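Student: Please take one part of this model and go through it closely. Give the cut-offs as you go.

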Amino acid sequence: MYSIVSTAIIHGISSLPVQVEADVSNGPPMFEMVGFLASEVKEARERVRTALRNCGYCLPAKRITVNLSPANIRKTGSAFDLPVAVAVLGALGVLRAEQLNKLLIVGEVGLNGRIHPIEGVLPIVAEARHQGFERCMVPEQNSTEARIIKDVQVVAVRHLMDVVAYLNQGETPKESGGIASGGDASVGGPKEGRLDFSQVNGMRMVRRASEIAAAGMHNFLMIGPPGAGKTMVARRIPTILPPMDGQEQLEVTKIYSVSGMLQDGRLVEERPFRSPHHTITPQGLAGGGNVPKPGEISFAHKGVLFLDELAEFQKTTLELLRQPMEERKIYLSRLQGSYCYPADFMLVAAMNSCPCGAYPDMNRCRCSQREIDRYLGKISQPLLDRIDICVETLQLTYEELSAQAENESSDTIRRRVCKAWQIQKERYKGCGILFNSRIPVDRLKEACGIARQEESYLREVYQSVQLTARSYHKILRVARTIADLDGDEKVGVAHLAEAVCYRSFDRQHWQRW
């Protein structure tokens, strides 16, 4: 007899449909699985055989062939256990074949027949809905995650006997939540944290630069001595970013789902804030592995990637950021194929100006010129050109540190940032552009509304400071954001002058590079 079951495999943060075909025929007794299988998928044969026996279903002395189609895609992971078991039972005539129509099945099976959770259920169920499936059978531990997707029924199972009972008699699994519509699940995210910009004393220029960076999703670098408040400011930047919309939440949740990092299977509602240690490997930052998994730049999608002690990172690791910072995605090529992960993040970085942190104050700096050159040389000019805003953080005076004045709160700053985002949304409606930092070069002059006076100022700055073309365009984009925060339709000289200030400080340190 012949049976076919629908399932899926994760590819990047999406999924690809897979058909599990099982055939039971006369011939030498054997259980064979084919279809370009990884080792863990081949092992499903023994897991399924033992699980079926422990559930009271002994395989007959016949030839059993299982094919996972299409055969040109390498099958990895343990999610094929349950569909293979169901396909074999269907071919043996134990299950009603008509119950398998419009049903997608995933899950790992233990030797005692229990169904174990898997990674990447969310993108699998999302693609199943797109393909027209009406029901998805998933492990009970993955049911909350699966119910994030609306308009598809979720059958949550804990044991292989629950599967048989449901497919034959339509019985609701007793141990699990049974069948639920995707729209019935309650989803949530982490609660609002206690971090707030009202806790930051002084640092007016840094606070202003942070607001501009958030308003246009500009990459942001802070340079200053240890203990000046760089990390404190960076950790509060997510509190002034507008909340994610539904589509953004789903994109971020898919990334965490395929990585097995989704907490309680619930929708990620807060913008990510990722702060990897400077000892991170290139694979940890960009993603990798035999079957590639997302890295930190993808975990920061739609949020903030904070690199503290920037100059302590390996130079090869930092250079990996250059392409994702431009294209907002990362490509990973392996023998089995090419994978693409989203990486639309706001880079926030902090570093000292030298190993001891006192440079350029040569009265306090204990570093030799060679040590300073080597330290700053870890940050290449192409990477610096991709950073829109660079500011210096100075040590607070005692009066600033002990002041009891009421500082502006994150909610107040967020309202201005939200207003700037709305202005940009209306300006670039239908163009596929969300922020000023993404304005293409051919639209910069039009978006900024540059007049003769502003053109003259830009020419003078370009020639005197010796800007690169990329730095010149960054100045225009930052100036456009400053104008939006001020509520001005066109960019003026004052906006350009402030934007130039945020591009000139880094040249004090890297002028020789």
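Tutor: Contact here means heavy atoms within 4.5 Å. Helices (H or I, at least four residues) and strands (E, at least two) are DSSP runs, numbered from the N terminus. The model is predicted: local features need pLDDT of at least 70, side-chain atom pairs count only at pLDDT 80 or more, and totals for chains, interfaces and linings use all residues. Residues are numbered from 1 along each chain as its sequence is written, and side-chain values use heavy atoms, with hydrogens and water left out.

Take helix H4, residues 121–130. It is mostly covered, with 7 of its 10 residues buried. Buried means under 20% relative accessible area, exposed over 50%, partly exposed in between (1.4 Å probe, protein chains only). The buried set runs Val121, Leu122, Pro123, Ile124, Val125, Ala126 and Ala128.

What do the buried residues of H4 pack against? Four strands take part: S1 (2–11), S2 (14–25), S5 (103–105) and S8 (135–139). Helices H5 (143–146) and H9 (246–258) join them. Just after H4, glycine 132 takes a positive phi of about 95°.

Now follow H9, one of those partners. Rings of Phe, Tyr and Trp (its six-membered ring) pair if their centres lie within 6.5 Å; planes under 30 degrees apart count as stacked, over 60 as edge-to-face and the rest as tilted. The count comes to 4 aromatic pairs. One of them joins tyrosine 256 and phenylalanine 299, tilted, at 5.5 Å centre to centre and 40° between the planes. Tyrosine 256 sits in H9 and phenylalanine 299 in helix H11 (residues 296–299), 43 residues apart. Both tyrosine 256 and phenylalanine 299 are buried.
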